[in-house]
Amino acid sequence: MDGDFLNWALADFSGYVAADELYDGPFCMLSAVDNRCYKRILYDVLDHDPTHEDIRAFLGRLQTALSARDLALVGVTTDGSALYPEPLAEVFGDVPHQICEFHVVKEVVKAVLGAVASARKGLAAKQPKLRKGRPSTPGAKQAARTKKRLAEQPAALFSSRHLFVKRHLNKTERKTLWRVSRGVPQLRVLRAIIEQVYAWFDRRCRTQTALDKLAKLRRRVQRFTSLGDTLKKLFAPTLEKARTFLDDTLLPSTSNAVERGNRRYRKRQKHVYRVRTQVQISARLALDMWREAQAEGRQQTLASLHQARAG
């Protein structure tokens with residue numbers, strides 16, 4: 001981007017940046033966005049999967065743009081990709097690096113829902129086999145009741161699977177969750193664990209409190225060996241960086257600022273099918289960012305016109 005656009009984008013720079021990569025076929029778009037003002041700053045379009053060298057060069061451009069305007073980077077938020085930690089340390093030193101909270105929770109939620117699906121399949125396999133005809137003995141009647149319950153429970157689990165990952169449950173929802181998880185204790189453990197995951201991202205916690213909670217959560221998961229593979233994301237070495245925002249009240253915990261631009265690109269690509277080469281994608285991104293810069297001036301002009309008419 002040229003100097004005029006960077007002057008506009010960095011005029012009220014907050015010091016916090018969200019960086020992310022977006023893949024579109026053989027191409028990859030790198031983006032850097034002000035994580036508090038929601039202004040896109042830089043982008044790059046690659047015709048291959050990014051490497052540490054690509055990320056290092058991209059961050060070097062960001063450092064050059066900031067240094068030319070006597071600005072400093074205070075914090076960076078990225079997803080959990082291994083592309084960023086090493087180049088960030090080389091280019092910006094010990095700048096605080098926050099792993100996006102949303103990406104961490106998303107992986108845990110996906111694992112929990114997968115465990116619920118596995119439990120449903122297990123219940124279907126546990127259904128007892130009955131003899132033909134109506135049950136006459138007490139044992140046969142009990143087996144028939146068990147078979148009926150095990151036949152209904154998988155459908156109830158499927159329709160109520162969102163309750164296992166919902167952040168807050170009311171009294172009725174908790175009763176429903178308790179009913180559908182009857183006889184499957186590991187599902188109730190999963191619900192307790194994901195509540196601990198949500199509590200781990202509470203901004204009211206101090207850093208040491210959050211680390212203690214994480215250690216307690218990991219010990220709890222280790223006690224249930226059947227959940228070890230399901231929630232292995234909780235043992236990732238980079239997970240501690242997902243709580244960096246507790247040390248800085250202004251550091252956003254998510255990279256939603258850059259994700260908004262990615263979603264906007266995806267939406268436009270559904271309608272503009274001809275934009276599929278590296279040059280065209282780069283030109284489309286530049287045009288979109290210029291429109292974003294010009295929109296602010298148009299809004300101010302329209303506001304002045306409306307005030308003049310009202311006066």
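Leucine 30 of the predicted model stands opposite aspartate 44 in β3. The two strands concerned, β2 (residues 27-34) and β3, pair in the antiparallel sense over six bridges; two strands are said to pair if DSSP finds at least two bridges between them. Helices (H or I, at least four residues) and strands (E, at least two) are DSSP runs, numbered from the N terminus. Strands of a sheet pair through backbone hydrogen bonds, either parallel or antiparallel.

Residues are numbered from 1 along each chain as its sequence is written. As the model is predicted, local features need pLDDT of at least 70, side-chain atom pairs count only at pLDDT 80 or more, and totals for chains, interfaces and linings use all residues, while side-chain values use heavy atoms, with hydrogens and water left out.

Five residues lie between the strands in the hairpin of β2 and β3. Tyrosine 38, found in the loop between these strands, has a positive phi of about 60° although it is not a glycine. The relative accessible area of tyrosine 38 is 35%, so this residue is partly exposed; buried means under 20% relative accessible area, exposed over 50%, and partly exposed in between (1.4 Å probe, protein chains only). A positive phi, of about 55°, also occurs at aspartate 70, again not a glycine. Aspartate 70 is found in the loop between α2 (52-67) and β4 (75-78), and it counts as exposed because its relative accessibility is 74%. Strand β3 (residues 40-46), in contrast, has six of its seven residues buried and is therefore largely enclosed by the rest of the structure.

The open sheet contains five strands in the order β3-β2-β1-β4-β5, with mixed pairing. Its edge strands are β3 and β5 (97-99), each of which pairs on one side only. On average, neighbouring strands of this sheet are turned by 20° against each other, direction ignored. Axes are lines fitted to C-alpha atoms, for helices over the stretch in contact, and angles run from 0 to 180 degrees between N-to-C directions. Strand β1 (residues 16-24) pairs with β4 in the parallel sense over three bridges, and tyrosine 16 stands opposite glycine 75 in β4. Helix α2 packs on the sheet, where it touches β1, β2 and β3, and its direction makes about 150° with that of β3; contact means heavy atoms within 4.5 Å.

Strand β4 is also joined to β5 by three bridges, and these two strands run parallel. Threonine 78 stands opposite isoleucine 99 in β5. In a regular strand the side chains alternate between the two faces of the sheet. Both faces of β4 are covered, with Gly75 and Thr77 buried on one side and Val76 and Thr78 buried on the other.

The space within the structure was examined on a 1 Å grid over the protein atoms alone. A cavity is a set of points where a 1.4 Å probe fits but cannot get out, whereas a pocket is an open set with protein on both sides within 12 Å along at least five of seven lines; lining residues have an atom within 4 Å of a point. Grid points are joined across faces, edges and corners, and a volume is the space filled by probe spheres set on the points.

The largest pocket holds about 360 Å³ of space. Its lining consists of 13 residues, of which Gly80, His103, Val104, Glu107 and Lys233 lie nearest its centre. Helix α4 (residues 101-125) supplies the largest share of this lining, five residues. By class, the lining of the largest pocket has five nonpolar, three polar and five charged residues; Ala, Val, Leu, Ile, Met, Phe, Trp, Tyr, Cys and Pro count as nonpolar, Asp, Glu, Lys and Arg as charged, and the others, Gly among them, as polar.

Two cavities of 30 Å³ or more are found in a search of the whole structure. The largest cavity has a volume of about 90 Å³, and Ser31, Arg40, Gly261, Asn262 and Leu285 lie nearest its centre among its 13 lining residues. Two or more lining residues come from each of β2, β3, α9 (256-269) and α10 (278-310), and α9 gives the most, with four. Nine residues of this lining are nonpolar, three polar and one charged. The second largest cavity has a volume of about 30 Å³ and is lined by Val104, Val197, Trp200, Leu214, Leu217, Leu234 and Leu239. Helices α7 (185-200) and α8 (207-223) are the elements that give two or more residues to this lining, which has seven nonpolar, no polar and no charged residues.
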